Amino acid sequence: MNETSVDGVLCRIIDVKKKDRGYGTNQSKIVRVVVLSDTHNYHDKIKVPDGDVLIHCGDFTKYGAVHHATSFARYFSAQMHPHKIVVLGNHEWWFSSLIKRIFSPEIHVLYDQSVEIFGITFYGSRFKSRYNIGCYTSSAKQEFNDIPHNTDVLITHQPPDNVGGLNVSLHNGKSVGNINMMERVLQVKPLVHVFGHNHNFNTPSFDQVEGCDTTFINCAIVVGKMSNGILRSPILFDLLARSDVA
Ligand SMILES: [Zn+2]
């Protein structure tokens with residue numbers, strides 16, 4: 001695993017290929033994005049490097065315990081990053097009505113919604129199909145069609161299917177990815193797709209697929225079973241703000 005210390009904090013640095021989307025003058029601001037996923041109530045043990053945007057891709061609790069969620073919300077609010085985004089994982093699937101009360105209003109809890117930060121569009125999709133159950137019905141096939149074409153950074157809890165080894169579970173060697181999500185990602189082609197859900201430490205942190213410039217990143221922090229307490233370091237990558245954004 002390629003880990004490097006940034007400001008004294010160990011993290012996994014991913015080099016994201018920058019496509020021509022209006023990014024890229026020399027004067028453009030570099031936007032540092034830090035991502036966590038699947039912290040499963042170990043958040044107090046995780047040091048997070050500085051950055052402009054902090055993202056959590058879900059599963060911040062164990063089995064959806066409300067006191068884990070409130071503890072995480074306090075921890076997340078206390079981080080110094082000026083912009084913060086959360087999506088819910090399958091451990092928090094029942095939280096949708098509670099969640100706005102748990103997180104303070106400056107945190108973007110994205111539930112099939114976008115937020116634009118420095119001209120970069122972040123889209124957070126809620127957890128939809130557990131594993132691949134129901135993915136082949138016609139309604140399920142369209143369940144990710146709401147991901148807009150202007151998405152730069154896609155945030156989901158579950159990985160898409162067929163993305164190198166990133167969707168292959170440590171538990172049984174089978175995919176925990178979603179095939180319908182992958183079909184939509186191949187249409188939208190975001191710059192980056194961050195997710196978690198797969199605690200498999202035998203796979204790399206990031207990958208690409210043929211015919212698509214998207215960088216796919218598994219940001220899961222907990223390795224293997226939740227109970228063993230083995231943790232990976234946060235993910236960090238840099239993007240350029242759109243050149244027309246101050
Ligand atoms: Zn998890």
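**View 1. Ile 85 and His 108 where strands 5 and 6 meet.** Ile 85 stands opposite His 108 in strand 6. The model shown here and in the other views is predicted. Strand 5 (residues 83-86) and strand 6 run parallel and are joined by two bridges. Both belong to an open sheet of seven strands with mixed pairing, in the order 1-2-13-3-4-5-6. Strand 6 (108-109) is at one edge of that sheet and strand 1 (3-6) at the other; each has a single partner strand, so one side of each is left without a neighbour in the sheet.

View 2. Strand 13 (residues 235-240) is mostly covered, with five of its six residues buried. On the side of strand 2 (residues 9-13), the pairing is parallel and rests on two bridges; here Arg 12 stands opposite Ile 235. With strand 3 (residues 30-36), strand 13 pairs in the antiparallel sense over six bridges. Arg 32 faces Asp 238 of strand 13 in this pairing. Strands of a sheet pair through backbone hydrogen bonds, in either the parallel or the antiparallel sense.

**View 3. The hairpin of strands 1 and 2.** Four bridges hold strand 1 and strand 2 in an antiparallel pair. Within this pair, the bridge partner of Ser 5 is Leu 10 in strand 2. The two strands form a hairpin with two residues between them. Asp 7 lies in the loop that links strand 1 to strand 2, and its phi is near 50°, a positive value in a residue other than glycine. Most residues other than glycine have a negative phi. Is Asp 7 buried or exposed? Asp 7 has 9 other C-beta atoms within 10 Å; the limit for an exposed residue is 12 or fewer, so Asp 7 counts as exposed.

**View 4. Asn 162, another residue with positive phi.** Asn 162 is not a glycine, yet has a positive phi of about 55°. Asn 162 is found in the loop between strand 9 and helix 4 (179-188). With 14 other C-beta atoms within 10 Å, Asn 162 is partly exposed.

View 5. Helix 1 has 13 residues and spans 18 Å from its first C-alpha to its last, close to the 18 Å expected at 1.5 Å a residue. Its buried residues are His 68, Ala 69, Phe 72, Ala 73 and Phe 76. Seen down the helix axis, these buried residues fall within an arc of 135°, so they line one face of helix 1. An α-helix has 3.6 residues a turn, so residues three or four places apart point the same way. The face turned away from the buried side carries the exposed residues His 67, Ser 77 and Ala 78. The cover over the buried residues of helix 1 includes strand 4 (53-56), strand 5 and helix 2 (99-102).

View 6. Ala 69 is found in helix 1 (residues 66-78). Why does Ala 69 count as buried? There are 21 other C-beta atoms within 10 Å of Ala 69, and a residue counts as buried at 20 or more. Leaving aside neighbours within four places in sequence, Ala 69 is in contact with Phe 60, Thr 61, Glu 92, Phe 95 and Ile 102. Ala 69 and Ile 102 are 33 residues apart in sequence, while their C-alpha atoms are 7.3 Å apart in space.

View 7. Strand 8 (residues 120-124) and strand 9 (residues 153-155) pair in the parallel sense over three bridges. Phe 122 stands opposite Val 153 in strand 9.

**View 8. Ile 155 and the largest nonpolar core.** The largest nonpolar core has 57 residues. Those with the most contacts inside this core are Val 35, Ile 55, Ile 155, Val 194, Ile 217 and Cys 219. Not counting residues up to four places away in sequence, Ile 155 touches Ile 55, Cys 57, Ile 85, Val 87, Leu 110, Phe 122, Tyr 123, Gly 124 and Val 194. Of the 246 residues of the protein, 43% count as buried.

Notes. Residues numbered from 1 in each chain as written. Predicted model: local features only at pLDDT ≥ 70, side-chain atom pairs only at ≥ 80, totals over all residues. Core = buried A, V, L, I, M, F, W, Y, C linked by C-beta atoms within 7 Å. Contact = placed C-beta atoms within 7 Å. Pairing = 2+ DSSP bridges. Expected span 1.5 Å × (residues − 1). Arc of directions from axis to C-beta.
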